[in-house]
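Dear colleague,

Please find the structure we spoke about below, handed over for your own work. My notes on what turned up in it follow.

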Amino acid sequence: MEDGYKHRGLRRQLVRTLKKKGIQSSTVLDAINKVPRHFFFDEALLPHAYQDKAFPIGEGQTISQPYTVAFQSEKLEIKPNDKVLEIGTGSGYQACILLAMGANVYTIEYNQKLYERTRKFLPSIGYRPKFFHGDGSQGLLKHAAYDKIIVTAGAPNVPTSLINQLNKGGILMIPVGDSKKQQMLRLTKVDDKKIKKETFDNFSFVPLLGKEGW
Ligand code: SAM
């Protein structure tokens with residue numbers, strides 16, 4: 001796979017678009033500028049790779065819109081070596097962005113075919129999160145606790161197990177709502193008894209499945 005001047009130019013253009021839409025974090029913008037999103041698309045679909053749009057990746061699932069990836073990544077306030085759990089590996093693009101930001105990434109995918117495809121593909125382009133297959137709607141207890149948790153599918157509620165699996169000071173970014181739209185929430189675990197909740201705009205994700213999902 002080639003990452004030539006044309007691709008790098010399209011990526012810089014995408015970064016400018018995201019800046020105009022309000023993304024400010026240089027760590028996030030640098031990661032978007034670094035990860036070749038076109039590697040996640042067939043050659044024929046290249047013109048779509050650097051548009052700020054979600055795109056089908058098979059199995060009825062999508063690679064998230066770059067703005068959504070950037071927004072959730074920014075609000076997670078990633079610091080180098082943060083231990084991050086991503087629920088919904090999908091194409092693996094979001095996991096690559098988190099790795100490029102210096103995080104230590106654990107990612108779990110429910111769909112077996114996507115899990116197998118992405119587990120093979122990401123190392124082939126130089127990105128190595130820790131991959132897990134299964135229902136992540138209750139987190140990944142075996143490797144808890146995490147500094148940050150990002151849910152990349154729309155949940156009906158905030159699963160308590162995800163809050164329980166955060167370290168003190170940890171952050172959970174999760175879209176919560178119905179099947180059409182979800183409000184983005186940021187929950188910060190101030191301490192074991194206090195959770196700070198912030199609400200942001202609506203987004204539209206595919207549904208979170210499993211025990212705490214739909
Ligand atoms: N983060 C992905 C990316 O960068 O391409 C996009 C994720 S896609 C919008 C949502 C993903 O969540 C799908 O791949 C879906 O199979 C997965 N998913 C849904 N419910 C899940 C669950 N309970 N546990 C783990 N993954 C789940």
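A salt bridge is counted here when a side-chain nitrogen of Lys or Arg lies within 4 Å of a carboxyl oxygen of Asp or Glu. By that criterion Lys21 forms a salt bridge with Asp52, where the closest N and O atoms are 2.5 Å apart. This pair links distant parts of the chain, since Lys21 sits in the loop between H1 and helix H2 (26–34) and Asp52 in the loop between helix H3 (46–49) and strand E1 (55–58), 31 residues apart. Lys21 is partly exposed, with a relative accessible area of 41%, whereas Asp52 counts as buried at 13%. Please keep in mind throughout that this is a predicted model.

As to the overall form, the protein chain has seven helices and nine strands, and its C-alpha atoms fill a box of roughly 50 × 35 × 35 Å along the principal axes. A compact globule of 214 residues would have a radius of gyration near 17 Å, and the 16 Å found for the protein chain agrees with this. Buried residues account for 53% of the 214 residues.

Helix H4 (residues 66–75) deserves a separate word: ten of its ten residues are buried, so the helix is largely enclosed by the rest of the structure. Among these buried residues are the charged Glu74 and Lys75, and H4 is followed by Glu77, whose phi is positive, near 50 degrees.

Glu77 also takes part in charge pairing, as Arg186 forms a salt bridge with Glu77 in which the closest N and O atoms are 3.3 Å apart. Here too the pair links distant parts of the chain, with Arg186 in strand E8 (residues 182–189) and Glu77 in the loop between H4 and strand E3 (83–87), 109 residues apart. Arg186 counts as buried at 10% relative accessibility, while Glu77 is partly exposed at 42%. Together with Glu198, these two residues are linked in a network of salt bridges.

The whole structure holds five salt bridges, and one of them joins the side chains of Arg11 and Asp3 at 2.8 Å, N to O. In that pair Arg11 counts as buried, at 2% relative accessibility, and Asp3 as partly exposed, at 25%.

Finally, Arg8, Arg12, Arg16, Lys19 and Lys20 form a positive surface patch. Of these residues, Lys20 lies in helix H1 (residues 5–20) and counts as exposed, at 74% relative accessibility.

With best regards

Technical notes:
Residues numbered from 1 in each chain as written. Predicted model: local features only at pLDDT ≥ 70, side-chain atom pairs only at ≥ 80, totals over all residues. Heavy atoms only, no water. Patch = residues over 30% accessible without salt bridge, like charges linked within 9 Å, V, L, I, M, F, W, Y side chains within 5 Å. Areas by Shrake-Rupley, 256 points an atom, 1.4 Å probe, with all protein chains shown as cover. Charge placed at Lys NZ, Arg CZ, Asp CG, Glu CD. Helix = DSSP H or I, 4+ residues; strand = E, 2+ residues; numbered from the N terminus. Buried < 20%, exposed > 50% of the residue type's maximum accessible area, 1.4 Å probe, protein only. Rg over C-alpha atoms; globule rule 2.2 N^0.38 Å.
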